Amino acid sequence: MNTLIIYFTGTFNTRYLVNKIKDRLFKLNSNYHVDTLEVNKNTLVKDLSSYNLIIFSYPIYAFNTPSLYIKYLKKLKFYNKNVKYIIAKQSGETFAINNASSNELYNLLRFKFKINIKNINEYHFILPYNIHFKFNDNFVKEILNYNIKLLEIMIYDLTNDITNIKLKTNIIYNFISYIFRIQRLGGYINSYFYKVNYAKCSRCYKCINLCPINNIVLDKKTNKIKFNNKCLMCMRCSFYCPSDAINIGLLKSWKVNWKYDLTRIEQDNSINSDYIFKQKEFFFKGYYKVIRRINERYKEIINNSK
Ligand SMILES: Cc1cc2nc3c(=O)[nH]c(=O)nc-3n(C[C@H](O)[C@H](O)[C@H](O)COP(=O)(O)O)c2cc1C
């Protein structure tokens with residue numbers, strides 16, 4: 001199968017997931033040809049006519065798809081005949097409202113590109129938050145194990161021609177998700193509140209170089225870092241700032257700084273992966289529920305494959 005994975009990433013969790021998907025497809029069959037396309041401000045319009053499997057991958061932002069990603073997809077031409085589609089989205093929470101985050105993407109594929117909705121399968125991976133709070137290593141390990149199983153399920157469905165796998169949504173989730181699209185204005189408003197702490201800033205200009213839409217520039221007159229108002233609130237600049245010098249304005253109290261070493265956590269067998277199971281609070285119950293559901297389906301496919 002000639003495959004293309006089109007993805008957007010803020011803090012590179014989606015890039016990690018995309019590489020996992022790519023490796024897994026290659027393991028399935030070394031003849032699998034997999035191209036990846038990361039969407040940013042400069043991504044060129046891609047001809048999709050040679051692909052028969054297209055995978056969409058993105059981080060959920062306020063129960064929605066990132067606006068830049070949708071804008072880019074609108075420029076493409078999608079085909080219906082002999083093409084399979086997969087949505088492999090990811091986010092930090094298991095709230096069911098996240099299920100509605102693909103509505104805009106579905107509508108685009110269905111109404112603009114006349115794609116048969118049955119040919120689209122959808123999966124929600126979990127990766128650690130880049131906002132709110134930092135997940136600890138045990139928590140991360142447990143969700144990485146969950147992702148491995150979900151990926152196996154995705155591959156099983158693909159290879160066994162199981163179609164029309166959808167995440168359940170309802171009128172309330174759809175409505176909340178729609179209302180939350182207003183957060184896209186947040187980047188514009190917040191751009192007036194970003195500040196750089198020059199006592200900490202090492203002038204490495206990593207923030208300028210990393211911004212996916214070139215929204216951060218060096219003001220030559222003042223020699224200061226300036227934020228324009230096209231911000232996507234992807235968090236990449238503050239997340240990767242080596243000296244933690246960026247104040248992210250209105251979202252300051254939700255700031256998480258510096259990356260998760262996912263590969264190390266994945267490989268370190270001394271890290272226990274029974275964190276979520278031991279938690280009692282409501283927030284963790286959601287994770288526990290989805291993990292249990294995935295374990296059940298995973299067992300089923302292992303039994304079927306015997
Ligand atoms: C502006 C913003 C909004 C977010 N909204 C949600 C959300 O609605 N639901 C959720 O589960 N996670 C949410 N997250 C968390 C991200 O989806 C999560 O950290 C993801 O792994 C980031 O992926 P990336 O590294 O590819 O950007 C949000 C993160 C940001 C920055």
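Modeller: Counting a salt bridge as a side-chain nitrogen of Lys or Arg within 4 Å of a carboxyl oxygen of Asp or Glu, I get 13 of them. Before I pick any out, bear in mind that this is a predicted model, so local features need pLDDT of at least 70 and side-chain atom pairs count only at pLDDT 80 or more, while totals for chains, interfaces and linings use all residues. Residues are numbered from 1 along each chain as its sequence is written, and side-chain values use heavy atoms, with hydrogens and water left out.

Take D161 and K84 to begin with: their side chains form a salt bridge at 2.4 Å, N to O. D161 is in the loop between α4 and α5 (171–179) and K84 is in strand β4 (residues 84–91), so this pair ties together parts that sit 77 residues apart in sequence. Those element names are DSSP runs numbered from the N terminus, with helices being H or I of at least four residues and strands being E of at least two. For burial, I call a residue buried under 20% relative accessible area, exposed over 50% and partly exposed in between, using a 1.4 Å probe and protein chains only. D161 comes out as exposed because its relative accessibility is 53%, whereas K84, at 22%, is partly exposed.

The next pair is D157 with R297, whose side chains make a salt bridge of 2.7 Å, N to O. This one links distant parts of the chain, from D157 in helix α4 to R297 in helix α11, 140 residues apart. D157 has a relative accessible area of 0%, so it counts as buried; R297, at 22%, is partly exposed.

That brings us to α11 itself. Helix α11 (residues 282–305) has 24 residues and runs 35 Å from its first C-alpha to its last, close to the 34 Å expected at 1.5 Å a residue; that expected span is 1.5 Å times one less than the number of residues. Its buried residues are F283, F284, Y287, V290, I291, I294 and I301. Their cover includes β5 (120–126), α4 (137–159) and α10 (275–278).

From that cover, strand β5 is where N121 sits. N121 is buried, since its relative accessible area is 7%. With contact meaning heavy atoms within 4.5 Å, and leaving aside neighbours within four places in sequence, N121 touches Y85, I86, I87, D157, I162, T163, N164 and I165.

Elsewhere, salt bridges that share partners join R15, E38 and R236 into one network.

Most residues other than glycine have a negative phi. A62 is not a glycine, yet its phi is positive, about 45 degrees; you'll find A62 in the loop between β3 (53–57) and α2 (67–73). R203 is another non-glycine with a positive phi, about 60 degrees, and R203 sits in the loop between β6 and α7 (206–210). A62 is partly exposed because its relative accessible area is 27%, and R203 counts as partly exposed at 31%.
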